[in-house]
Amino acid sequence: MNIIIFGATGSIGQNTLDVIRNQRPNHDFRVLALTGNNNIEQLIKDAIEFSPERVVTANHANFQELKERLAPYNIEICSGEKAILETARMEADWVMSAIVGFNGVSPTLEAVKYSKIVAIANKETLVCAGKILMETAERFSTILLPVDSEHNAIFQCLKNEDINAIKKVILTASGGPFRKSSLAKMESATVDQALAHPTWKMGHRITIDSATMFNKALELIEAKYFFNLASDQLDVVVHPQSIIHSMVSFHDNSILAQLGPNDMRCAIAYTLNYPLRKPSLGEEIDFAALGKLTFEAPDFRKFPALRLVRSVLKSNGGLGVVFNAAKEIALDRFISGEIGFLDMSRLVEEVLMFPEMIKIEHKTPEYIEEIILLNNRAREIAKEIKLH
Ligand code: NAD
Ligand code: MG
């Protein structure tokens, strides 16, 4: 099986390599390409271990060092955004889409045209280009498999089910590090506090997105497009143990849930072995030791992202692009210390209310070029807005 991993040096990328490493003795896996950005040490280490045909860094500045240090090996070295897109055109059996943020959208859409299976961790592709992604997959008969634990859970619950029998899907959320904090404490929360996720170990950006619940908001949009649901079929419940990864409620009031350890290697292995199930890494759940699973309603005052996303879910227009772009800039501005933790949702709200952006609500982007333009414009606006 020929494999490409986009974002190989990240949290999902490394977990993917771990699953491959673990299953390799019993499988014919061939890694065609690995892509990364600035973590050259990791990229070199993995290139030596997995002997891909090609290694790509998104950053031209890393090209020379990568080329010199991998010179003894028979590996093609490339750099830049274009090289990543070209890599998406290599024909593969299985692709992991795990670049973080909007930069993952174009390569994912391209890979869907050339690969048999694309495992999607880059939720931004669904948030910004959900319609295009699903249509492209259908046109090229490509199988899309969700890696995000919630969507992977829903996908598993829906196996052999009639899509029309779904009443709603209920995404679970851990509640993040501020579940029990006061609004006042959240107002002055630091980057380090936002990075202290109680249950999942992930990349820095998604970890802070979990603390604001922007991650859950993006996941609602992701679910809407992946499973073709209406906005009133999408719900969130806080489940601090992160054992139930999500649930589907049907019209007969039966509910199916998928449970598992909070270890992304389980969801990744599911997509790698699909449609089979193979022994996987990750601890077995000990229910007696766990004792109880609890649930609570999300607090919309503390997590305005869940309120803001509702207008995006109702529209089929380009608001997903605007929402994501504004969130990415808000996150940059929070990390750099320029704005406070709760200012992130204030900034996103202002961008959504910007007259030029409101118009987008009813205009569905049909082409990736439109999405890129809209993304750039929304980012500009988000950079310029001064919060009072
Ligand atoms: P990460 O920050 O750990 O890794 C990101 C990867 O993207 C790295 O390999 C990095 O080199 C690469 N990258 C960064 N900027 C790039 C650019 N400009 N061009 C090309 N590549 C670039 O992120 P992560 O936590 O692994 O998340 C990856 C994606 O998976 C995100 O979309 C995230 O929302 C999603 N996801 C992650 C988890 C998780 O457990 N980490 C769970 C569900 C979904
Ligand atoms: Mg998730």
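Me: What is the bridge partner of Ile117 in β7?
Reply: In this predicted model, Ile117 has Ile143 as its bridge partner in β7.

Me: What makes β6 and β7 a pair?
Reply: Two strands count as paired when DSSP finds at least two bridges between them. Strand β6 (residues 115–120) and strand β7 (residues 143–146) share four bridges, so they meet that cut-off. Their pairing is in the parallel sense.

Me: Which helix does the chain pass through from β6 to β7?
Reply: The path runs through helix α6 (residues 123–139), and this β-α-β crossover is right-handed.

Me: Why are β4 and β7 called edge strands?
Reply: The open sheet has seven strands in the order β4-β3-β2-β1-β5-β6-β7, with parallel pairing. Strands β4 (76–79) and β7 each pair on one side only, and they are the edge strands. On average, neighbouring strands of this sheet are turned by 15° against each other, direction ignored.

Me: Which strands does helix α5 touch?
Reply: Helix α5 (residues 105–114) packs on the sheet and touches β1 (2–6), β5 (92–97), β6 and β7. The direction of α5 makes about 150° with that of β6.

Me: How do you know which residues coordinate the magnesium ion (ligand 2)?
Reply: A donor atom must lie within 2.8 Å of this metal. Asp148 (OD), Glu150 (OE) and Glu219 (OE) sit at 2.1 to 2.2 Å, so they count as coordinating. Along the chain, the donors follow the spacing D-x1-E-x68-E.

Me: Why can Asp148 and Glu219 be said to tie together parts of the chain?
Reply: Asp148 lies in the loop between β7 and α7 (149–157), whereas Glu219 lies in helix α11 (residues 214–227), so the pair links parts that are 71 residues apart in sequence.

Note on methods
Residues numbered from 1 in each chain as written. Chains lettered and ligands numbered in written order. Predicted model: local features only at pLDDT ≥ 70, side-chain atom pairs only at ≥ 80, totals over all residues. Heavy atoms only, no water. Helix = DSSP H or I, 4+ residues; strand = E, 2+ residues; numbered from the N terminus. Right-handed = clockwise from strand over helix to strand, strands pointing away. Axes fitted to C-alpha atoms, helices over the stretch in contact; angles between N-to-C directions. Contact = heavy atoms within 4.5 Å. Donors = N, O, S within 2.8 Å, 3.2 Å for Na, K, Ca; no water.
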